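Student: Please put the model up. Then let us go through it by question and answer.

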Amino acid sequence: MNTPVWPLLLGRFEWRDLPFVRAILDPSASNLVGAFAGGLVVVGAIVVALVLTRYGKWRYLWSEWLTSLDHKKIGILYIALAFVMLSRALVEAVLMRGQQAVAINTPGFLTPDHFGELFSTHGSIMIFFMAMPFLTGLINFVMPLQIGARDMAFPWANSVALWLTAGGAGLMMASLIVGQFSTGGWTGYPPFTEVAFSPDVGPDYWIWAVSLGSIGSTMAGINIACTLYKQRAPGMAFMAMPLFCWTSLCTAILMIFAMPPLTVATALLALDRYLGFHMFTNDLGGNMMNYANLFWLFGHPEVYILILPAFGVYSEVVSTFSTKELYGYTSLVLATMVIAVLSFTVWVHHFFTMGQSANLNAVFGIATMTIGVPTGVKIYDWIWTMFRGEVRFTVPMLYALAFMMTFVLGGFTGILLAMPPLDYLVHNTLFLVAHFHNMLIPGLLYGMLAGYHYWFPKAFGFRLDEKWGRIAFTCWVVGFYLAFMPLYVLGASGMARRTHEIFDPSFRPWLYVAMAGAGVLFCALGSLFVQLVVSIRNRDALRVFAGDPWDGRTLEWSIASPPPEYNFAVVPNVDGRDIFYRRKHAEHQAPPYAEPYAYEDIVMPRNSASGVAIGVFAAVSAFGLIWHMWWLGVAGAVVGIAALVTRSFGRDQHRILLAADVAREDRRWRAALAEARSISRHTEMTTANQGLAER
Amino acid sequence: MIRRECMRLPVARWGVSVGLLVALGGCSALGHGFLAAAGPVATHERHLFLIVSAILVFVAGPVLLLTPLFAWHYRLGNADDAYRPNWNFSWWVEALIWIPPIGIVVVLAVLLWTWTHIDDPYRKLPGAAPIEIEAIALDWKWLFIYPDEGIATINQLAIPVGRPVHIRLTSATVMQSMLIPRLAGQIYAMGGMTTELNLAASRPGQYLGKNTQYNGAGFARERFTVLALPGAGYQAWLGRVHAAPRMLDQTNWSAVAQRSVAPQPVFFGTVQPGLFAHVLAKTGGSDSAGTMHGMPMTAKDAR
């Protein structure tokens with residue numbers, strides 16, 4: 001069981017690398033959990049395949065979704081991926097909280113290495129395969145609609161970026177079924193992740209999964225920025241863009257400049273592990289401090305990559321649901337830009353304790369606190385947007401309010417951590433863990449969920465169930481406070497993060513509360529799935545075909561829900577912010593749903609399987625490299641590159657939609673629009689809402 | 001043991017707020033952390049914690065008040081308030097949301113600069129000449145060498161109360177981070193490099209020290225005790241270690257450096273001089289076979 005099975009073909013694979021074999025050889029709780037998780041992935045994949053076969057949906061899935069270059073479908077696929085990965089990483093969090101709650105002066109039910117895998121996959125997934133796909137998907141879906149574009153600047157590259165990310169996520173899932181994941185945390189600090197200390201496949205899984213994700217994100221960043229620079233509707237000046245587009249732009253710029261240092265860091269670590277280089281080893285000139293700098297040169301801007309899109313969502317949501325113009329648009333744009341620039345000047349605060357001089361620490365500490373100013377300004381801008389408005393407490397607005405009040409607490413502890421002397425005390429403790437969850441749960445997750453509720457009717461043509469939305473919201477908020485406030489106390493008491501066994505019985509009550517919080521967060525996730533099922537079953541009652549359920553302000557609400565493939569039958573002319581709202585409410589000479597004078601042929605990209613091929617075979621190649629199945633590494637790379645070359649020689653990559661067909665589809669929607677009942681804002685959360693706002 | 005330490009907490013010294021905090025959580029969790037500081041460095045850092053927290057109340061307070069207030073008062077159902085859908089800018093509000101935060105950050109920056117320099121872990125503490133300690137991080141234990149005494153211990157660090165302590169750290173394995181929360185902040189220990197930490201204990205007691213940087217299966221059990229002893233007790237402790245039969249030199253180094261947890265402290269009555277420099281030069285443990293690659297490295301200083 002401890003020898004490679006067939007090295008030439010299967011590399012370093014041993015039977016023990018299968019969690020099922022481990023569970024049979026040694027049926028401990030830890031191994032059973034591992035085998036169950038692996039089994040869940042296998043059974044889940046089989047069930048999905050059977051269902052698709054049973055209902056004959058393979059062709060539909062392939063031609064309508066997987067190979068589509070439509071930015072909306074790519075966006076939705078990104079978000080579906082994010083939900084799958086969120087589910088896994090949240091379950092892992094519950095397991096870790098469970099382990100810590102029981103492992104007080106006893107070893108608990110997970111082995112130390114299994115616990116190490118859990119915190120490493122939890123962090124890596126939440127950052128690279130939950131947060132990044134979610135925000136990229138949301139930008140993908142919403143941003144072109146908001147700027148009056150028909151697609152992204154590079155529709156095919158968009159598909160490649162999606163599939164590279166999915167390939168990375170696939171490797172994360174594969175690590176459940178064969179082998180084990182890294183125990184080096186989501187940061188993968190060497191020398192711990194070097195061959196000398198971690199000779200197993202774990203760090204290689206981490207390296208390749210993260211590398212594929214980071215390359216995908218770099219491509220997504222370039223695509224988003226170019227779309228915003230070049231594809232805006234006529235008349236849409238930069239300062240007329242909705243704020244979500246501004247935050248998307250800043251996020252994209254950060255992606256372009258911040259992801260490459262990560263790709264370089266993981267590539268150098270790969271050179272160490274595969275070719276015996278000494279970039280970050282202890283000996284022969286290696287220096288792990290270089291890794292720490294490269295990693296956090298990515299890692300800190302990454303925080304703002306994660307948070308800025310949510311800030312954009314909140315700007316849209318607070319303005320829409322306060323029935324009022326956004327307060328201080330220029331301030332918000334300026335603050336976003338300042339945050340984006342400053343985010344590159346603070347990375348050292350992730351290792352104040354590395355022994356550099358007081359001057360250096362002080363400079364980076366002050367730079368860190370400086371970011372608090374534009375961030376605070378943003379919060380106040382949203383508060384003043386509500387001032388003298390008419391606030392409606394829909395689910396997205398509830399998330400926005402919970403965000404403002406929770407995020408400020410994270411900012412509070414963030415300033416504490418920015419003080420190097422205080423960081424010395426609580427760095428690497430649960431105080432830090434509490435802090436960054438306190439930033440990212442309201443600052444990312446609530447924002448993404450607000451966006452999901454807000455734009456779901458746009459994507460699918462029906463609203464999400466309000467009651468289950470509120471239940472999920474309550475669970476996310478209550479669960480957050482229960483799960484993370486105790487961690488501040490434990491961190492201030494000196495409890496190190498990533499501790500799988502506890503020797504201080506006085507920590508017990510706090511760990512129990514945190515465990516309960518994790519349970520509530522699990523219910524929150526469950527409520528979201530229940531909400532989705534309930535909403536799909538009630539979709540006829542929840543239908544908002546007219547397209548504007550929230551009395552929206554920006555262009556995406558001026559078209560049908562779901563929008564046609566080409567988004568706009570005729571590309572709109574824009575002459576300022578909130579153009580659709582001003583037209584609806586007679587603040588503009590043009591009416592909101594004016595029928596175009598003429599329709600024209602529209603050129604759209606054809607579907608392409610090459611994006612799928614590149615992503616899948618990149619992952620296959622990486623899998624070969626992880627297991628030292630060199631033939632597979634080479635074969636995967638060859639096929640992936642062949643797909644790229646084939647695509648670049650392809651000629652027939654576009655198709656033309658005839659003006660007559662566009663006109664027919666558009667008139668059909670206009671006929672439905674004329675039939676729709678308009679509603680006042682008091683009844684928008686009822687089934688009376690058909691997506692037409694009262695004027 | 002925990003209970004006895006609680007009696008000695010400086011309830012009166014740090015005002016009502018800490019007093020309450022420690023009294024409430026006294027014998028429980030917070031008594032293990034820096035809020036129950038037992039040395040000048042941690043006490044000074046706790047002082048900063050309290051000042052900054054007090055200032056930050058004025059940062060978080062308005063948001064926590066205004067958000068629910070505005071949201072509720074300007075709700076759709078309330079017909080009594082003014083509705084100004086096109087109001088979107090005011091220089092007064094702009095001044096209010098930019099200038100006070102900038103002012104607060106300036107004040108905090110002054111505090112940060114001052115405190116960072118005073119609490120620089122490399123800065124020697126005032127008072128008598130410090131006790132010199134060389135700490136080597138191992139998997140999963142800490143080795144403390146007393147170069148002036150020629151002795152060493154594993155997982156027990158005794159220091160005389162009131163006397164400054166100067167620790168030089170390196171790692172014979174992966175990066176680790178040494179934290180003794182009740183005495184001082186943490187600093188990384190890295191292979192081939194030295195870092196420094198200055199601390200002192202102002203009261204006798206037993207304080208927990210640990211590695212906070214994950215380093216594998218034994219991580220959670222990598223804990224050591226700091227014994228802060230009065231002068232006579234410290235001399236007695238030194239005598240006990242000197243009397244220990246075990247010795248530590250290059251020949252038995254690889255056995256000591258093996259990956260293992262040390263449940264009980266280990267004493268070495270004799271230590272080969274220059275062992276710290278030897279470990280530093282060879283960055284032992286980086287090679288799984290235990291042999292060192294040729295080429296001795298010059299010790300890099302983290303500064």
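**Core, contacts and backbone**

Student: What are the ground rules here?
Tutor: This is a predicted model, where local features need pLDDT of at least 70, side-chain atom pairs count only at pLDDT 80 or more, and totals for chains, interfaces and linings use all residues. Residues are numbered from 1 along each chain as its sequence is written, while chains are lettered from A and ligands numbered from 1 in the order in which they are written.

Student: How many residues has the largest nonpolar core?
Tutor: A nonpolar core is a set of buried Ala, Val, Leu, Ile, Met, Phe, Trp, Tyr and Cys residues joined through C-beta atoms within 7 Å. Buried means 20 or more other C-beta atoms within 10 Å of the residue's own; exposed means 12 or fewer, and partly exposed is in between. Leu183(B) is among the residues with the most contacts inside the largest core, as are Met130(A) and Ala135(B). The size of that core is 300 residues.

Student: Which helix gives the most to this core?
Tutor: Helices are DSSP runs (H or I, at least four residues), and strands are runs of E, at least two, numbered from the N terminus. The top contributor gives 21 residues and spans 288–321 of chain A. That is helix α10.

Student: How many helices and strands are in chain B?
Tutor: Chain B has 303 residues, of which 44% are buried. Among its contacts between residues at least 6 apart in sequence, 69% join residues at least 24 apart. The count is 7 helices and 14 strands.

Student: Where is Pro191(A) found?
Tutor: Pro190(A) and Pro191(A) are joined by a cis peptide bond, with omega about 0 degrees. Pro191(A) is in the loop between α7 (155–177) and α8 (202–230) of chain A.

Student: Is Asn428(A) buried or exposed?
Tutor: Asn428(A) is not a glycine, yet its phi is positive, about 65 degrees. Its place is the loop between α14 (420–426) and α15 (430–460) of chain A. Because 23 other C-beta atoms lie within 10 Å, Asn428(A) is buried.

Student: What does His628(A) count as, with 17 C-beta neighbours inside 10 Å?
Tutor: His628(A) also has a positive phi, about 60 degrees, although it is not a glycine. With 17 C-beta neighbours inside 10 Å, His628(A) counts as partly exposed.

Conventions:
Contact = placed C-beta atoms within 7 Å.
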